[in-house]
Amino acid sequence: LDQTMMRHVQKPVSNVDYIPLEVRKMNMMLDPRDVLSSNLSRMSESQRDLTTLLEDANNRKTVDKADTKIHGNIYTYWAFHDVLLQHKLIRAEGSSNKVLQVGIVFVMIVQILGPPAILIWSVYAINWTNARVGLGSWEYIPGSYERGVSNFACQVLGTFFLFIFILNGIYVIRDDKQKSEKIWYVVKVFQKSSHGTVKRFWLRAGAMINSWCVVISAICMAPCFMLSKSPKDIIFDAFALLFLFRLDDVNGDLGFLEEQWDSDLFGTFYNDIRSQEEEQRRLENAEDGCHDGSSIASDDECGDAWHCSVYTVARQILMILLVCVPLFYVFVEGAEPRHILDRRDDLHNKIQEMSDAIEYLKHELKISKEVR
């Protein structure tokens, strides 16, 4: 063992040039076991330093997470409109702007009617007469326009996008639920005081409409992909449906509410009142002789049972769709777009008309020859 360690110590290595000559000579004079022990201790100290850095970064992340903004949407805006106007936290001219209010109403209508409209169109645009279970849609024929590389790429991209899209929908529902729990906590604070009334109807309507939009969009994506002619159509359809998710958000693609909803204000307000409540409960627990903080309420409690159940049901439906929709897209063959069949029928009718015209001309030519 001593000889083996001595060979490892004396053997030149690739990083020997980075060790000073004096240190190498000193190491040669030392016991190899001492040198090995010293190297191991330095490695363990380096690992401990790295572990400490990771722990510090995690602690800073936890502290910074408390300053997270609460991004609202058109439904939270309508729910807190009177409160924000009473405390002069929004511009009066913006809240009374009829064009803005009409735009917000149109956004809500698009979210309600857009996904089912796409679903109905895509289902009726496909001829399901010859639909069956199989892998015929994955058939690859080199050089073919209909069954070539583009068709195979459509099938692969469509399957991947279906899984990613629905998985993203699950996380969107989760984030909306967490944000709504904070909003409902703020609602309870206003309910206990006399500083304004929050319209709860719009919060419940927002939960229902957002869940509806995500679930129906996930269902209609498979028939939309079946109607796609190229990989470009697959990608464009996926991102077009994804656009509907964030259509109502303050930090979304539309800037209707950027000046009407202050995400920093609500985030700071929530953190402050939450900290005050926890501090008050700690003092009460200390007076009662309870020092473990076990009676302090957690953030996991749902603020409203109805809106919480809506998000829970939507999440469960999406979990089922995460498995069923990609499998449906992969194993269903024979479903053809109606516009292709219509074109075939039109072409057949035109060919038949030309054939009848040729026969008529032949008959007329024959009669003319007989007359002569």
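This is a predicted model: local features need pLDDT of at least 70, side-chain atom pairs count only at pLDDT 80 or more; totals for chains, interfaces and linings use all residues.

Start by selecting aspartate 175 and arginine 174: their side chains meet in a salt bridge, 3.1 Å from N to O. A salt bridge here means a side-chain nitrogen of Lys or Arg within 4 Å of a carboxyl oxygen of Asp or Glu.

Residues are numbered from 1 along each chain as its sequence is written, and side-chain values use heavy atoms, with hydrogens and water left out.

Next, select lysine 179 and aspartate 176. They form a salt bridge whose closest N and O atoms are 4.0 Å apart. Both sit in helix H8 (residues 149–192), 3 residues apart, which is about one turn of the helix. Helices (H or I, at least four residues) and strands (E, at least two) are DSSP runs, numbered from the N terminus.

Now jump to glutamate 333 and arginine 132. Their salt bridge has its closest N and O atoms 3.2 Å apart. Glutamate 333 belongs to strand E3 (residues 332–333) and arginine 132 to strand E2 (residues 132–133), so this pair ties together parts that are 201 residues apart in sequence. Glutamate 333 is buried, at 13%, whereas arginine 132 is partly exposed, at 46%.

Then pick Arg274, Glu277 and Arg281 together: a network of salt bridges links them. How many salt bridges does a search of the whole structure find? The total is 8.

Last stop: the cysteines. A disulfide is a covalent bond between the sulfur atoms of two cysteines; the test used is a pair of cysteine sulfur atoms within 2.5 Å. The structure holds 0 of them. Select cysteine 213: the nearest cysteine sulfur belongs to cysteine 220 and is 9.0 Å away. Click on cysteine 220, and its nearest cysteine sulfur is that of cysteine 224, at 4.8 Å. Cysteine 213 is buried, with a relative accessible area of 1%, and cysteine 220 is buried at 0%.

Terms used. Buried means under 20% relative accessible area, exposed over 50%, partly exposed in between (1.4 Å probe, protein chains only).
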